[in-house]
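Reader: I am new to protein models and would like to learn how to read one slowly. Could you take me through this one?

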Amino acid sequence: MGVVRRCTRSTCSQTAVATLTYVYADQTAVLGPLATYAEPHTYDLCVAHADRMSAPQGWNVLRLAPDPAAAPPNHDDLLALADAVREAGRPVPPVPDGPPSLRLVRPDS
Ligand SMILES: [Zn+2]
């Protein structure tokens with residue numbers, strides 16, 4: 001955490017808000033929310049460059065996040081995430097019969 005992703009256009013140093021992925025097999029350029037991990041054929045773009053991006057001739061363009069402002073997590077999302085982490089940290093109560101997945105299940109017919 002803490003590293004700000006930058007637009008990958010060479011003359012640009014704006015903060016990246018979207019990730020452009022070239023899917024060569026489908027000849028499709030997918031513009032979506034900022035990817036968690038940098039992968040081959042992906043390019044982080046700022047608002048302006050995401051807006052102006054264009055695919056190679058004959059390619060499809062798929063925009064998953066038309067409004068870049070909606071992409072970053074808001075305060076509520078962070079609170080929900082914190083709750084989920086707390087929930088996951090609770091001790092699991094012991095199950096007397098063993099885990100349910102080990103029980104025999106009779107067919108319903
Ligand atoms: Zn840019």
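Predicted model: local features only at pLDDT ≥ 70, side-chain atom pairs only at ≥ 80, totals over all residues.

Reader: What is the average pLDDT of the protein chain, and where is confidence lowest and highest?

Author: The general idea is that pLDDT gives the predictor's confidence in each residue, on a scale from 0 to 100. Here the protein chain averages 78, and 70% of the residues score at least 70. Confidence is lowest in helix H2 (residues 75-89), with a mean of 71, and highest in helix H1 (residues 47-52), with 93.

Reader: How many helices and strands does the protein chain have, and in which order do they run?

Author: Helices (H or I, at least four residues) and strands (E, at least two) are DSSP runs, numbered from the N terminus. The protein chain has two helices and four strands, and from the N terminus on these elements run β-β-β-α-β-α.

Reader: How are the strands arranged in the sheet?

Author: Strands of a sheet pair through backbone hydrogen bonds, either parallel or antiparallel. Two strands are said to pair if DSSP finds at least two bridges between them. In this model the four strands form an open sheet with the order S3-S1-S2-S4 and mixed pairing. S3 and strand S4 (60-63) stand at the edges with a single partner strand each, so one side of each has no neighbour in the sheet.

Reader: In which sense do S1 and S2 pair, and in which sense do S2 and S4?

Author: S1 and S2 pair in the antiparallel sense over six bridges, with Tyr22 standing opposite Ala29 in S2 and Ala18 having Pro33 in S2 as its bridge partner. S2 and S4, by contrast, pair in the parallel sense over four bridges, and there Val30 has Leu62 in S4 as its bridge partner.

Reader: Which residues make up the largest nonpolar core?

Author: A residue is buried if 20 or more other C-beta atoms lie within 10 Å of its own, exposed if 12 or fewer, and partly exposed in between, with C-beta atoms placed from the backbone. A nonpolar core is a set of buried Ala, Val, Leu, Ile, Met, Phe, Trp, Tyr and Cys residues joined through C-beta atoms within 7 Å. The largest one here has 11 residues, among them Cys7, Val17, Leu20, Leu31, Tyr43 and Ala50. Strand S1 (18-23), strand S2 (28-33) and strand S3 (42-45) are the elements that give two or more residues to this core. In the protein chain, buried residues make up 13% of the 109 residues.

Reader: Is Gln27 buried or exposed, and where does Gln27 lie?

Author: Gln27 counts as exposed because it has 12 C-beta neighbours inside 10 Å. Gln27 lies in the loop between S1 and S2, and it has a positive phi of about 50° although it is not a glycine. The hairpin of S1 and S2 has four residues between the strands.

Reader: Which residues is Met53 in contact with, leaving aside its neighbours within four places in sequence?

Author: Two residues are in contact if their C-beta atoms, placed from the backbone, lie within 7 Å. With those neighbours left aside, Met53 is in contact with Leu20, Leu31 and Leu45. Met53 and Leu31 are 22 residues apart in sequence, and their C-alpha atoms are 8.8 Å apart in space. Met53 lies in the loop between H1 and S4, and it counts as partly exposed because it has 16 C-beta neighbours inside 10 Å.

Methods. Residues numbered from 1 in each chain as written.
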